[in-house]
Amino acid sequence: MNVTDAVNSRRSVRQFLDKPVDQKTLQKVLETAARSPSGGNTQPWNAIVVGGDELTRIAGAVKAKVPTAPAGEDMEYDIYPKGLEGRYEEQRQGVGKAMFGALKIPKEDGGARIKQMMANWDSFGAPVQLFTYTRKYMGPPQWSDMGMWLQTVMLLLREEGLDSCPQEIWAMYGTYMRELLNIDDDHIFFCGMAIGYRDPDAPINNFDVPRAPLAESVKFHGF
């Protein structure tokens with residue numbers, strides 16, 4: 001698989017097959033992903049890869065929190081900036097509308113929408129989670145480095161026939177996630193990422209996710 005094919009075939013998969021993921025494959029992907037760029041070669045990313053009974057324990061603990069704190073608790077950063085507007089907010093709302101449309105869940109069916117949201121905590125059926133965190137003193141450049149590392153991981157997973165779904169939703173309970181993962185107070189929890197094999201027939205994995213026209217986000221000068 002070339003890079004273009006990996007980029008074009010990558011998507012946030014929200015229904016995985018009940019199929020195990022080989023640890024050696026994950027180690028290979030993560031060893032290669034260490035070549036991701038970072039300012040000053042700081043390599044600010046840290047991660048814990050979780051599966052099996054340990055993932056079941058963590059998911060169960062978070063699900064037990066949701067009824068009493070459905071909007072999150074002790075969040076360490078805002079998942080979306082306050083005042084999100086314009087095409088950014090339109091794109092955010094658009095993908096949600098397309099997802100629920102693919103599932104044929106109408107806007108007024110709040111119960112079904114909540115049920116779909118709860119599927120996040122079960123990693124959409126994926127057998128593996130990659131939880132990422134960094135030092136609290138790291139700034140926007142280092143968070144950008146973490147993003148580049150995660151993108152590299154996702155593309156390398158595609159090369160191995162695997163899929164993923166980056167999930168910032170775990171950060172709704174960021175402090176609790178650090179407790180569950182035994183991450184000390186000098187660090188901040190960033191996100192999870194479900195890893196597994198996509199269900200190719202699931203409607204939620206097949207709706208269109210458009211991208212903004214290049215002219216809306218990129219300008220060329222001097223050509």
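1. Gln-43 counts as partly exposed because its relative accessibility is 36%. The classes used here are buried under 20% relative accessible area, exposed over 50% and partly exposed in between, with a 1.4 Å probe and protein chains only. Gln-43 sits in the loop between α2 (23–33) and β1 (46–51). Its phi is near 50°, a positive value in a residue other than glycine.

2. A note on the basis of these values. This is a predicted model, in which local features need pLDDT of at least 70, side-chain atom pairs count only at pLDDT 80 or more, and totals for chains, interfaces and linings use all residues. Residues are numbered from 1 along each chain as its sequence is written, and side-chain values use heavy atoms, with hydrogens and water left out.

3. Asn-182 also deserves a look. Its phi is positive, about 60°, although Asn-182 is not a glycine. The residue belongs to the loop between α7 and β4. With 71% relative accessibility, Asn-182 counts as exposed.

4. Next, the fold. The protein has eight helices and four strands. Both are DSSP runs numbered from the N terminus: helices are H or I with at least four residues, strands are E with at least two. The order from the N terminus is α-α-β-α-α-α-β-α-β-α-β-α.

5. Overall dimensions. The C-alpha trace spans about 55 × 40 × 40 Å along its principal axes.

6. Packing and surface. Of the 223 residues, 39% are buried. Among contacts with a separation of 6 or more, 84% join residues 24 or more positions apart; a contact means heavy atoms within 4.5 Å. The accessible surface comes to about 12900 Å², and carbon and sulfur atoms hold 53% of that area. Areas come from the Shrake-Rupley method with a 1.4 Å probe; for residues, only the protein chains shown count as cover.

7. Charge. There are 25 positive and 29 negative side chains, and the centres of the two sets lie 3 Å apart. Lys and Arg count as positive, Asp and Glu as negative; His and the chain ends are not counted. Each charge is placed at NZ of Lys, CZ of Arg, CG of Asp or CD of Glu.

8. Aromatic pairs: the whole structure holds nine. Rings of Phe, Tyr and Trp (its six-membered ring) pair if their centres lie within 6.5 Å; planes under 30 degrees apart count as stacked, over 60 as edge-to-face and the rest as tilted. Tyr-77 and Phe-190 form a tilted pair, with ring centres 6.1 Å apart and planes at 55°. Tyr-77 lies in the loop between α3 (52–65) and α4 (86–102) and Phe-190 in strand β4 (residues 187–196), so the pair ties together parts 113 residues apart in sequence. Both Tyr-77 and Phe-190 are buried.

9. A second pair is Trp-121 with Tyr-173. Their ring centres are 5.8 Å apart and their planes at 65°, so the pair is edge-to-face. Trp-121 is in the loop between α5 (110–118) and β2 (128–135), and Tyr-173 is in the loop between β3 (163–167) and α7 (174–181), 52 residues apart. Trp-121 and Tyr-173 are both buried. Ring pairs join Trp-121, Phe-131, Trp-170, Tyr-173 and Phe-189 into a cluster.

10. Finally, Lys-107. It is found in the loop between α4 and α5. Lys-107 is exposed, with a relative accessible area of 70%. Its C-alpha atom is separated by 8.5 Å from that of Lys-97, 10 residues apart along the chain.
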